[in-house]
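Open the model in your viewer and keep the selection tool at hand.

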Amino acid sequence: MIFDTHAHYDDEQFDTDRDELLNTMAENGVGTIVNVSAAYESCERVVRMAQRYPFMYAAVGVHPDEVGSLDDEKFDGLKKLFKNDKVVAVGEIGLDYYWDNESHKLQKEWFIRQLELARELNLPINVHSREAAQDTMQVIKEYGKGLDGVIHCYSYSKEMAQEYVKMGFFIGIGGVVTFKNARRLKETAETVPLSAIVLETDCPYLAPEPYRGKRNDSSLIKYTAEKIAEMKGITYEEVVRRTEENARKLYRL
């Protein structure tokens, strides 16, 4: 069954029908979901949700746009959440120079601290990087040696993707690959071996065609799998099977 490696079901866009929607996932071919925190306040929420739904796991970390809320006390509190056995990764962490909500210096400081936490806990990382290609790569090479994980919502060149794969990372591909103007991501999806690709939604964001602009959810991930199958000249079933195997390897499940 399909494995959605990156979702945000604690988002307020799901407040009206969250439980009803999640209870339809099996019939929509979705077997496993990793619910990923962004703001500090969302860390506890994703863990509670993972405890509630048997098919759901959690990734705990603070998004680069939200690191201004962190301090040592909160970081110590965040660490305690990793005692829960349904927390499978540190994320989403990284750098975001598109919104620039926080200084680059502060983003890097908390990115490095969360990388060190992943090493301490022996967990994979779920990396967000937007318009920060070189700095993200540099920080991971310098402070993330020996770590593995996924480059979430990948948006850079196929050459950089291949470099990440050589470093032991998976490339997260979502609904953007179905967009007509997604040339670079399509080149990446064609170039990177299927053994290094995992599927994701980033829901409620980035719904695939033909639902672009609407609320996304894991039931729509099939359109991403179909597009990858088309580009690689293989069956949809093979894409689903192989990416599920990859996701289990990624999150050590």
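The crossing of helix 8 and helix 9 is right-handed. This is a predicted model, and the first stop is this pair. Select residues 221–232 for helix 8 and residues 236–251 for helix 9. Their axes come within 8 Å of each other and cross at roughly 110°. Angles of 65 to 115 degrees count as roughly perpendicular, so helix 8 is roughly perpendicular to helix 9.

Now show the side chains where the two helices touch. On helix 8, pick Lys222, Ala225, Glu226, Ile228 and Ala229; on helix 9, pick Tyr236, Val239 and Val240. Colour them by type: six are nonpolar, none is polar and two are charged.

Next, select residues 72–80, which form helix 3, and residues 104–121, which form helix 4. Here the axes lie 12 Å apart, at an angle of about 30°. Angles under 35 degrees count as roughly parallel, so helix 3 runs roughly parallel to helix 4. This crossing, too, is right-handed. Asp72, Phe75, Leu78 and Lys79 from helix 3 meet Trp110, Arg113, Gln114 and Leu117 from helix 4. That contact has four nonpolar residues, one polar and three charged.

The last stop is the largest pocket, with a volume of about 1,000 Å³. By type, the lining divides into 15 nonpolar, 14 polar and 13 charged residues.

Note on methods
Residues numbered from 1 in each chain as written. Predicted model: local features only at pLDDT ≥ 70, side-chain atom pairs only at ≥ 80, totals over all residues. Heavy atoms only, no water. Axes fitted to C-alpha atoms, helices over the stretch in contact; angles between N-to-C directions. Helix = DSSP H or I, 4+ residues; strand = E, 2+ residues; numbered from the N terminus. Parallel < 35°, antiparallel > 145°, perpendicular 65-115°, else oblique. Left-handed = near helix turned anticlockwise from the far one by under 90°. Contact = heavy atoms within 4.5 Å. Nonpolar A, V, L, I, M, F, W, Y, C, P; charged D, E, K, R; others polar. 1 Å grid on protein atoms, 1.4 Å probe; cavity = no way out; pocket = protein on both sides within 12 Å on 5 of 7 lines; lining within 4 Å. Points joined across faces, edges and corners; volume = space filled by probe spheres on them.
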